[in-house]
Amino acid sequence: MAIDPNQEFLVQPVDASWLQCNIECQDACPVGTNCRGYLNLAAEGRFEEGYILSREPNPVAAMCAYVCSAPCERACRRGDIDRPLAIRAMKRFLVEWHEASGIPDDLPAITPRGTSVAVIGAGPAGISVARELAIAGHAVTVYDELPYGGGTMLIGVPAFRLPREAIEMDIRLVERMGVTFRYNVRIGRDITFEELQERHDAIAICAGAMNAVGLDIPGKDLEGIQYGVDFMKKANLGEPLEVSRNVVIIGGGYTAMDCSRTSLRHGAEHVSIVYRRTRSELVVDEEELGETEREGVRMEFLASPVEVVGEDGRVTGVRFVRNKLGEPDATGRRSPVPIEGSDFVIPAETVIPAVSQAADNTFLPVEADFEVNRGRIKVDPGTYATNVRGVFACGDFVTGPTTLIEAAGHGKKCAFAVDRYLSGRATVDVDANVRIISSWRHEMPEYYDVLPRVHVPMVPLQARMPSTDPEVNFTTPVELGYTTTQAVTESTRCLMCNYNIWFDPFRCVLCGACADVCPEGVIHMIDVNQMKSEGPLTELVDAYGWEQGAAMVLDEERCIRCALCVKRCPFDAITMERFELQEVSSDGRLYKESYRDAQLGLAGLGAARVTGGGVT
């Protein structure tokens, strides 16, 4: 690829912050899971070590193994070559391997602090808060009005996608850390909020957002309308569920997909999902959407409901209007604009709105005078503290409906804030510790660059609903998960973003052999005067103004770490730099986990800073 002689290149020092962002999958994970680390361990067959690494930063690792929205996969650099790593499916393999092995989970040493915290809600955010505070030594009691733990994961996600055993795995591990769960307890009915304040030193509200947002169109009160969150709650708790022959679901999120597939398992024959935007703007991942369509659900895009039609007080259909996309809204998404005269009706006896959900604030005492904005309790974004002393809040209760992993990440940060409050700390400094190891002998696994993404095995369509009993159909798994061979093959595709090419400016003679051998064309020789720096960089200062000056530049984002340039260099001027990164705070917590591989010798991890250049 020819380089424009007028093009400028921005040069940045390879420091700790750059290294952190270089591993994009870990940086995209709300709880900071070292995805690359456990993929590399799995590729070597070190499954238990991989499980430990995937479990350590994630309080809801078992649930994530089945239904995580996997933002790490969207960030995975392998997607620039063909398709990203199946990171969520690999986590599931490691979780199931560990569970089948019978190896007990190691628990951290906990020193009691003599303080007590109440957590309201046993969903992903509540579990995360409880685990982190328990590890810090606080006595934690979790209160939930449901009969079991899991929150939205229990009542909102169908059992054919998320086995109840996965929820139990996460809760059981938190219980072993000393956390007490009290179920069937509603705050304000079985125990007052004021009593919680008297019993505990702090309260974390993680009550989720489980109230359906109602339709605001004519016909909204007709019989036959069941809101998505209530529909899934009945299905998951085994309560009677009324499903007609024709079902229309309004919405485009995971709840809409789950409602549609649950309707099929309860006897519906024609199910349609109607979404007001386009397919590309759906928030669900492509695999979930694909399985929904394969099961026979019809997708209707760019349409908004304008009326629920009916006869004799019962639903007979929904009238929609076609949309076109207009100008972007405040979030950057293009707003749907109705097309006049484009109305159409979809027949239905059951209508399931699954547009949005809201938090239930009724258990909060009025006299406490919590600050509320648009139905959500207000918190300080840095401390998660409400305006009531000692009361914190996080998760969907504060943000509105999000994903499992986002709620867990919110919960972890809130727990750190509660711990700082109880410890009397105002701030916590985080120091990035980096270790660098140079190598001329880096080898990638054979065929790693040509291996296609391993398809996650699924149950055949005809076997997904094997019974006339809805309960059997509802609990029959759809995804089978990887075999050992498939898991090793898939994890072998990782590009190992913790390796980076390094040019030694004192050895390089600018022969260009590295650029010639690079299969991806990511190494180039350029005029040194094309390079710009955000700050002082010694190598550039020394080279500026030299007409004959040249530099070797590398596009790290497209590099596949094949190390052919290292092998080809006649003067050993190129090495592969392997790095590990930890962010350790002044309160002793580890915020970013590094690759816990014994061969890396992490016992001697120090605060070595990365320096260097690469200009000749």
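Analyst: Two strands pair if DSSP finds at least two bridges between them. The model discussed here is predicted.

User: How do you know that strand 7 and strand 14 pair?

Analyst: Four bridges join strand 7 to strand 14 (residues 350–353), in the parallel sense. The definition asks for at least two bridges, so the two strands count as paired. Within this pairing, V248 has V351 of strand 14 as its bridge partner.

User: What makes strand 7 and strand 8 a pair, and in which sense do they run?

Analyst: Strand 8 (residues 270–274) runs parallel to strand 7 and is joined to it by five bridges. At least two are required, therefore these strands pair as well. Opposite V247 lies V271 of strand 8. Between strand 7 and strand 8 the chain passes through helix 13 (residues 254–265), in a right-handed β-α-β crossover.

User: Why is strand 7 called mostly covered?

Analyst: A residue is buried when its relative accessible area is under 20%. In strand 7 (residues 246–250), five of its five residues are buried. N246, V248 and I250 point one way, V247 and I249 the other way, and all are buried.

User: Why do strand 4 and strand 18 stand at the edges?

Analyst: The open sheet has five strands in the order 4-3-2-5-18, with parallel pairing. Strand 4 (180–182) and strand 18 (391–393) each have a single partner strand, so one side of each is left without a neighbour in the sheet. On average, neighbouring strands of this sheet are turned by 20° against each other, direction ignored.

User: What makes strand 2 and strand 5 a pair?

Analyst: Strand 2 (residues 116–120) and strand 5 (residues 202–205) share four bridges in the parallel sense, and at least two are needed, so they pair. A118 stands opposite I203 in strand 5.

Notes: Residues are numbered from 1 along each chain as its sequence is written. This is a predicted model: local features need pLDDT of at least 70, side-chain atom pairs count only at pLDDT 80 or more; totals for chains, interfaces and linings use all residues. Side-chain values use heavy atoms; hydrogens and water are left out. Buried means under 20% relative accessible area, exposed over 50%, partly exposed in between (1.4 Å probe, protein chains only). A crossover is right-handed if, with the strands pointing away from the viewer, the path from the first strand over the helix to the second runs clockwise. Axes are lines fitted to C-alpha atoms, for helices over the stretch in contact, and angles run from 0 to 180 degrees between N-to-C directions.
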